[in-house]
Amino acid sequence: QLLLLRLTMKRLFSTSHSSVDAKEMKKFQLLAHKWWDEEGEYSALHSMNDIRVPFIRDTLLSMRSNYHMGNPLSGVKILDVGCGGGLLSEPLGRLGASVTGIDPLEDNIRTADQHKSFDPVLAKRIQYKSSSLEEIVEECMETFDVIVASEVVEHVADLEMFIKCCSQVLKPEGSLFITTINKTQLSYVLGILVAEKLIGIVPEGTHEWEKFVPPEELESLLESNGFSVKTVNGMLYNPLSGSWSWMESTSINYAVHAVKSGAQAQPSPTGALSEVGSEQPSDTAGTAL
């Protein structure tokens, strides 16, 4: 029976039907060496860490009864899907988490490995692998406490399959964090016309508006695949200051926290929500990334 299950799983998640989009791979291959240039094409992802890292940290800590102040995420196994050059993996590793970063692009993994090697602490806490999500499902069933997929779902070929795979490799009661872009007229204007074509803070051709994901659609997919959505927060990028803030509206960028079924009712992530309440967006027009 176990063998039959494995064969079925292998067929279900076979790479012949992959969530990886070959066209997207080509786009990012050209930029693989630029991940750690804080003033370059990925500058907005660097500054996004100022809000996405505390959001992940505070949400997780609100669900734990005890933790070490110096390494608050110690003992937490995190999978960073579509990790790129390791921009999010590294700060999560510094908080004490054991991080596995996967990316289908070998050049990205090479860049991430090289950067990690400069810090002996991170070298122990983070491991990178050139792989798609579905390729690790069989060996990693219910392995991780947390999955982060930041700025990834708008690039995948099959979103439902991607969510199913997330559920497979996440432990019961595990947390899934997603940041992405809504599919609105505003996100088209700001995310593509302004960000890519007008001011060039994102390389032209990075995004396809048709692949943007409305939060209602993402929530529905999550709920139908065994997740309970706990938080949906709007995000705003200010291109003048190069900084991010939380906002109520999800009409451009947004962040989601969902918990895999099996979880008891979780308290609201007070740290993250107080942060949302205290950080009002500036009057300057934001730009989707």
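Trainee: Okay, what are the ground rules?
Mentor: This is a predicted model, where local features need pLDDT of at least 70 and side-chain atom pairs count only at pLDDT 80 or more, while totals for chains, interfaces and linings use all residues. Residues are numbered from 1 along each chain as its sequence is written, and side-chain values use heavy atoms, with hydrogens and water left out.

Trainee: In what order do the strands of the sheet run?
Mentor: The order is 3-2-1-4-5-8-6-7, an open sheet of eight strands with mixed pairing. Strand 3 and strand 7 (243-247) are the edges, each pairing on one side only. From one strand to the next, the twist averages 20 degrees. Strands here are DSSP runs of E, at least two residues, and helices are runs of H or I, at least four residues, numbered from the N terminus. Two strands pair if DSSP finds at least two bridges between them.

Trainee: How many bridges join strand 1 and strand 2?
Mentor: Five, in the parallel sense, between residues 77-81 and residues 98-103. In that pair, D80 stands opposite G101 of strand 2.

Trainee: Which strands does helix 8 touch?
Mentor: Helix 8 packs on the sheet against strand 1, strand 4 (144-150), strand 5 (170-181), strand 6 and strand 8 (253-260). Its direction makes about 145 degrees with that of strand 5; axes are lines fitted to C-alpha atoms, for helices over the stretch in contact, and angles run from 0 to 180 degrees between N-to-C directions. Touching, or contact, means heavy atoms within 4.5 Å.

Trainee: Why is helix 8 described as largely enclosed?
Mentor: Eight of its 11 residues (159-169) are buried, so the rest of the structure largely encloses helix 8. Among the buried ones are F162, I163 and C165. Buried means under 20% relative accessible area, exposed over 50%, and partly exposed in between, using a 1.4 Å probe and protein chains only.

Trainee: Switching topic: where does V229 sit?
Mentor: V229 is in strand 6 (residues 227-238). V229 counts as buried, at 17% relative accessibility. Its C-alpha atom is separated by 6.2 Å from that of H257, 28 residues apart along the chain.

Trainee: And S131, buried or exposed?
Mentor: Buried, with a relative accessible area of 5%. S131 is in the loop between strand 3 (126-130) and helix 7 (133-136). Leaving aside neighbours within four places in sequence, S131 is in contact with I102, D103, P104 and I136.
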